[in-house]
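Biologist: I have the sequence and the coordinates open. Can we walk through them together?

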Amino acid sequence: METALTNTEPAVEPRTEMEKEVEALLADYDKTPEDLIMVLQDIQGKYNWLPREALEYVSRRLDVPLAQIYHIGTFYKAFSLEPRGKHILQICMGTACHVRGAMRIAEEYERQFGLKLGKTSEDGLITFERVNCLGACAIGPIVVVDGEYKGNMTVNRANAIIKRIRREDSKEAGDA
Amino acid sequence: MPRITSVEQLKAHQQKAKQELDNYPVMVSLCHGTACCAIGAREVAAAFEKELKADQSVKFIRSGCHGFCEVGPLVVVRPAGVVYQRVKPSDVAEIVERTVGKGEIIDRLLYRPGDNGKVYSKEDEIPFYAKQSKVVLALNSHIDPFSIDDYLASGGYSALAKALFEMTPDEVLKEVMDAKLRGRGGGGFEAGWKWKFCKEAHPELPHHIVCNADEGDPGAFMDESILEGNPHSVIEGMIIGAYAINGADGFIYIRNEYPLALKTFHNALKQAREYGFLGENILGSGMNFDIKISRGGGAFVCGESSALFRSLEGKVGEPRAKYIHSVERGYHDEPTNLNNVETWANVPQIIKKGAAWFTNIGTPDSPGTKVFSLVGKIENTGLIEVPMGITLREIIFDIGGGIKGGKAFKAVQTGGPSGGCLPESCLDLPVDFDKLTDAGSMMGSGGMIVMDEQTCVVDVARYFIDFLIEESCGKCLPCREGLRQMSVILHRICEGKGQPEDVDNLEKLGTTIRDCSLCALGGSAPNPVLSTIKYFRDEYLAHINEKKCPGGICTALIEYFIQPELCNGCSTCEKVCPSDAIHPVAGQKREKGELRIIDTVKCVKCGACIEVCPTDAIIRR
């Protein structure tokens, strides 16, 4: 290659819609391999998961092999290589929440609603995940619904959350 | 704001900022930490801003964590120091009218512990605060974390000016060494020595300054609260550290699970750059230094130094063998000094007030204070800062108010997944780095999880091992495979299928993993099991021999039962039962209906009935 690739000019012009969106996310970075984890976090923040198309573009843009991106994507908990549900439901499994009964809530979610930790419901509505301590132990157990913390959870109140999400969704479907 | 380029300008600006604050006759401080926000502080803040919009005489701040999370959202009205607890948006108009306007105290919003009729109106009278001594958290409820001027008004960045213009780098280093400041992240290694080793390593290479804010211990939120409440103290500490060891650049590695801390710190960095505390020619001294934020990807192992550096480099966070010291070969294999948030936040205070002041607090071997998050089955959940050497009993019973609901104390877990459970007999231990380690636990970063009689220590041990299996990077065999085998045994015990030799095998496995693992994660991973076997062997044996869970937690070993003498027949439990396992007993009249019983065959042991029973008639046994 005659001209060396520099980090300031796009090595590859973004062509597709998604590539353009990813290029916009990259604007804040120096575009070195060192930025990889944070870039992936931004992509995950935008799409709720890491689509392959976006990763391929990042691979070319930051000059990191796709295999290495896959390594990062599977090592760190924050990333998902599969599409996640419309709603993200997280249960805090910090020690304080655990001793206050978070596990019973998780068990009930699986038993009553078929929600498995780390999985998305078959209808694609809810992804159920565990997080390791949100730093709000005083109000544990905590369930986070799409980023909103719901503290002092009980089995009954936690069940009501799922019922509400499902009710609102079927209402939306009815309206549409 | 033009950059501050000399000490004189800094002093003038501090004076001006202080004057501006003093001009407000009243200040209202609302706790806007993560926990209070989760229970409505944002709505309360909006209500205050609406009420006070026209009033220029009141300073309203959304501050960092005040500490007393149990009764949040908290509001303090100064200078009187009146504390209001569990404030709702509907209370705000009255607070503004009566307390802010007329100086009256609103009785119903005051803190009332228990039924003994005691009422507390002032911050310093509340027992939760009375035994604390705040150094790192001192400014938390007094300043707006998004305002660098508030920090300057309290004398912020004076320590930096003192270091840069009145001390040589070696004098700064000596001061920190004399203070015997030990690493607050868990290791307890003396920061001064670490700085010295780093400084002396490879003079031909650039040196890096890193702040570890990857607070991964579940049940710990000390560093989060410091970053959210007083970010500039950490920045100031890091700049002083860079001056002492000739640091070229700085990094802070923050968990992505702390969105508010990230936002606060990001803003603080921006302000520090605008004011000239970061960037080129800091305060006109000729020193250049800046700090970059790196967000963690949610891997517990990245709190380990060598794994953290790999993650900073954009790679997978796998630790390496300990004989390569990170002070010599850290970030990009260059000398790197890593300290955690609380350690850095202590540095400006030590420089400002001197090593002698610092060593006067705490114990000779562990001077200073320590921040703990006091959580679990405790009456007063919250964030506390206490002098080292205080006993566990004072923390749990005097500050923490004892066990929730008057139940009996069983154990306190310190040190996160690397620590251990200590029983009642250890409660009079003074809390410092060495004493807790001697007892089989460790200080750790400061999570303190209190457990009552209705906690199962085997279940807690299993919880930590399962946590660590998830978080083990998988590089070395003892940790990767050994923990799995421990988990198999622990699950078996909790399910009532334990074998007589299981406890001995757990001990053997545990010591092997401890001695043979590559990094500190594996090396300390068996602690939760080994310490619970040491102090609670009986409970393990009860699970194995009698098929009983004394804490009433392990689902396979318990049954739900309605005590006939307490049931009032209200049928609330029957309505919430998801498996139709609760039925009335014909002919057994109670005040509100017929007595209920639980069909143990149908019961799925979800606990929904216990939560709703108004008379606490349902028990697990």
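Modeller: Start with helix H9 of chain B, residues 191-200: its buried residues are B:Ala191, B:Gly192, B:Lys194, B:Trp195, B:Lys196 and B:Cys198. Buried means 20 or more other C-beta atoms within 10 Å of the residue's own; exposed means 12 or fewer, partly exposed is in between, and C-beta atoms are placed from the backbone. Helices (H or I, at least four residues) and strands (E, at least two) are DSSP runs, numbered from the N terminus.

Biologist: What kind of model is it, and how are things numbered?

Modeller: This is a predicted model, where local features need pLDDT of at least 70, side-chain atom pairs count only at pLDDT 80 or more, and totals for chains, interfaces and linings use all residues. Residues are numbered from 1 along each chain as its sequence is written, while chains are lettered from A and ligands numbered from 1 in the order in which they are written.

Biologist: What do the buried residues of H9(B) pack against?

Modeller: Helix H8 (169-178), strand S5 (207-213), helix H11 (231-245), strand S8 (336-340) and helix H14 (341-353), all in chain B. Contact means C-beta atoms, placed from the backbone, within 7 Å.

Biologist: Which residue with positive phi follows H9(B)?

Modeller: B:His202, with phi near 40 degrees.

Biologist: Back to H11(B). At what angle does it pack with helix H7 of chain B?

Modeller: About 10 degrees, with the axes of H7(B) (residues 158-166) and H11(B) 9 Å apart. That makes the two helices roughly parallel. The cut-offs: under 35 degrees is roughly parallel, over 145 roughly antiparallel, 65 to 115 roughly perpendicular, the rest oblique. Axes are lines fitted to C-alpha atoms, for helices over the stretch in contact, and angles run from 0 to 180 degrees between N-to-C directions.

Biologist: Which residues make that contact?

Modeller: H7(B) brings B:Ala159, B:Leu160, B:Ala163 and B:Leu164. H11(B) brings B:Glu236, B:Ile239, B:Ile240 and B:Tyr243. By class that is seven nonpolar, no polar and one charged. Ala, Val, Leu, Ile, Met, Phe, Trp, Tyr, Cys and Pro count as nonpolar, Asp, Glu, Lys and Arg as charged, and the others, Gly among them, as polar.

Biologist: New topic. What is the strand order in the open sheet of chain B?

Modeller: S7-S6-S5-S8, four strands with parallel pairing. Strands pair if DSSP finds at least two bridges between them. Strand S7 (291-295) and S8 of chain B are the edges; each has a single partner strand, so one side of each has no neighbour in the sheet. The twist averages 20 degrees from one strand to the next.

Biologist: How many bridges join S5(B) and S8(B)?

Modeller: Five, in the parallel sense. B:Asn212 stands opposite B:Asn340 in S8(B).

Biologist: Which helices pack on that sheet?

Modeller: Helix H13 of chain B (residues 305-312) touches S5, strand S6 (247-254), S7 and S8 of chain B, and its direction makes about 95 degrees with that of S6(B). H14(B) touches S5 and S8 of chain B, at about 95 degrees to the direction of S8(B).

Biologist: And chain A? How many of its residues are in contact with chain B?

Modeller: 38 residues of chain A, against 46 residues of chain B. The chain A side has 20 nonpolar, twelve polar and six charged residues.

Biologist: How many helices and strands does chain A have?

Modeller: Seven helices and five strands. Of its 176 residues, 39% count as buried.

Note on methods: Contact = placed C-beta atoms within 7 Å.
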